[in-house]
Structures are given as structure tokens and as C-alpha cells.
Amino acid sequence: MIPLSWYLFVAFILIGLGAYGMMVKRNLIRILIGAEIMGNGVNLALVAISIYSPVFTFVGQGLIILVISVAAAHTALAMVLMLMYNRRYDTVDLGTPISLEDDENV
Amino acid sequence: MMQADVWLELNPWFEQLMFILIAGLVIFLAYAALEHKRIVYAVFFFGFMAAFVAGFFLLLEAPFIAGMQIAVYTGGISALIIFGVLLIPRAQDSTLESFASPRYKRLGALISFVVVMLSGHLAVFFPWSETFASDLPPLEFNIELVSQWIWSDHGIYVQMTALILLTSIVGAIAILKMDKAETMGPIIGEFGVESVEEPIDDEASVEEPPTEEPLDDEASVEEPSTEGPSTEEPEEEVGNE
């Protein structure tokens, strides 16, 4: 029998790793991967709590299905914005200095 | 299926062993996805991590969510990120990637460590057993109940999710097309109005003479202007016909 705290501890470690990636990394793709790792941790915590709770069982599972669907949508939008950034500034690295003088849209 | 259940009942340590194994793999793969130098390998590690997170859902006896996790995260999101990386050639070159200074790395690690320890303290020492059932409720074959909960009882949530997905797709296409329309030149085809290289435009015929005025003399400009209307009117009528 696995205690609920084990699942929550792994979920919080995943959230911490994702937060570390989002704070430290300069590459937009790695920041997106960090956000997805955080999302996985949140999903795991939500499913574990909903399974162990006698009341919110199907609420949690149904909610997770909708959350995973929306996660796919926001990842697609993030990729589009990343492609836009790359097309305009010719880099996906936030550490690379960009010149706003050459940008006609600013 | 029955043999697996009997195996789990006979060996209660087997479930905990599987949990520890999957947890170690997931944490290692998440770290590798963040720290690997090659960005394509990092995305692959993320896909494997998402697949192993589905193992947690199987241990929690939620097989439908495990399948959805594999289908969406491993099959959809990691493939989407890989295609995005392949569309950006500069992102594949690890030498162009800039890294944060060690000071910022230590600060980020400290903040995330504090977050993990506070959350872990809550997870370990909070009396969950008093608020929730200490034992797993009998949730075998719960796919029918989950689908009934979603589609019959709370179908509005599915419609809201479908609306969010549709909005995101339309927004993504609109953003890409908007940026493309800014850089796009005039469309010149073989047929239609666009096929005429210099379309008959009233504004252009009015604006053109003032640009030619400083080049010619006043008399030469006035002569076409007096004869102009008699010659231009038939042209416009022909053009209109």
C-alpha cells in the first residue's frame, strides 16, 4: 500500500524541477519543457488526491482529462509564439541581445 | 489481469518497489530533460518522463488517464516540440545557447528547493489520513463511471474545453498568418484584376501629372491638360465597358 504522501512528494519534486528550469534556463524551448514538467507534477498531485479522497474521485479524474486537453492547446500556442519570436528576432535564446532598432513593428 | 491482482495481493512490497523505481526514473528523466546539452535529446527525455508518469496513474488504478497521458504528452506535446525544434535550426546548435550565471543558478536552485521542501513538509506531515480514506477505494473498471461523469453529468465542461481548443487553434493560425501578411508582397496572378500590371486607377491618373510638372515646361503641361479630358474620357469608357 502506497501512502498518499509519496505521490505528493514526487509531484512536488517535479514542480520544483520545473520551476528551476523556468527560472534558470534562457532557451525558450527549455522553458516550455520546464512548464510541461510542472504541469505533469500538478496532474500527478491532483489525480493522487482525487483517488485517495472518497468524495472527489470522479471530479478529479474528469478534471484531469480536461486539464490535459487544455495543456495540449497551450503548448501549441506557446510553440506558435516561439516561432514568431524566432522569425522576428532570429533567435530563441533570451540571453542573446536583440536590437529593437531594426524592428519595424516597434 | 487476475494474476496481476493476485501478485499484488501476495506481494505488497512489489507495488512500493515499482513506485520507487518509477519515481527514480521520472526524476532522473526530468533533470535530464532540463540539463542535457542537445535540445532534441532533452525533448526525447521529456517524452520518456511523461510516459513514466503514466505509470503512476496505472499504480493509482486510473488507466484511462494513463492512456490519455501517453497519447497527449508523449505522443502529442513532445512530437510538437520536436517539430518546433526542427523548424528552428538555430535552436539545434547548442553552442549558440546562453546559460545563466552561476549566481542565478544557485538562486533559482535555492528558491525551487525551498518550494519543494515546504510542499514536501506539507505532504509528509499534514494528516492526510484523517481527511481522506487511508485505503484505496475500490475503483476497478471505473472508465464507465468516469465517462458517465464527463459526458452525461458535466457535458458543459467538455464543450468549454472544445471551445478553448478551437480558440487556441484559430488564434495560432491567425498569429502565424498575421505575421506572414505583414511580410507578403502584392499577389499577381494570371487572371482577374491582379493580372493587370498597372490597373486603371483614377487616383493614379490624377496624381501622376503633378510629379511630371517640374520636368516639363508650363506650356507643354497645359497643352495635354486641355486635350487630356477629350482623350481620357473615351479610354475610361472603353475600360469600363
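A residue counts here as buried if 20 or more other C-beta atoms lie within 10 Å of its own, as exposed if 12 or fewer do, and as partly exposed in between, with C-beta atoms placed from the backbone. Keep that in mind for B:Glu61, which is partly exposed because 15 other C-beta atoms lie within 10 Å.

Before going further, a word on the model. It is predicted, so local features need pLDDT of at least 70 and side-chain atom pairs count only at pLDDT 80 or more, while totals for chains, interfaces and linings use all residues. Residues are numbered from 1 along each chain as its sequence is written, and chains are lettered from A and ligands numbered from 1 in the order in which they are written.

Let us begin with chain B. Its secondary structure comes to 11 helices and 0 strands, where helices (H or I, at least four residues) and strands (E, at least two) are DSSP runs numbered from the N terminus. Of the 241 residues in chain B, 16% are buried. Among the contacts in chain B with a separation of 6 or more, 46% join residues 24 or more positions apart; two residues are in contact if their C-beta atoms, placed from the backbone, lie within 7 Å.

One helix to find is α3(B), with 21 residues. From its first C-alpha to its last it reaches 31 Å, close to the 30 Å expected at 1.5 Å a residue; the expected span is 1.5 Å times one less than the number of residues. After α3(B) you meet B:Glu61 again, in the loop between α3 and α4 of chain B.

A:Asp90 is not a glycine, yet has a positive phi of about 60 degrees. You will find A:Asp90 in the segment after α3 (57-89) of chain A, and it counts as exposed because it has 11 C-beta neighbours inside 10 Å.

Now look at where the chains meet. The contact takes 75 residues from chain B and 65 residues from chain A. On the side of chain B that touches chain A, the largest share, 13 residues, comes from α6(B). By class, that side of chain B has 57 nonpolar, 13 polar and 5 charged residues. Here Ala, Val, Leu, Ile, Met, Phe, Trp, Tyr, Cys and Pro count as nonpolar, Asp, Glu, Lys and Arg as charged, and the others, Gly among them, as polar.

Helix α2 (residues 28-52) of chain A and α2(B) pack at an angle of about 160 degrees, with their axes 9 Å apart. That makes α2(A) roughly antiparallel to α2(B), a label for angles over 145 degrees. Axes are lines fitted to C-alpha atoms, for helices over the stretch in contact, and angles run from 0 to 180 degrees between N-to-C directions. In this packing, A:Arg30, A:Ile33, A:Gly34 and A:Ile37 meet B:Ala30, B:Ala33 and B:Leu34.

A:Ile29 counts as buried, with 25 C-beta neighbours inside 10 Å.

Terms used
Angles under 35 degrees count as roughly parallel, over 145 as roughly antiparallel, 65 to 115 as roughly perpendicular and the rest as oblique.
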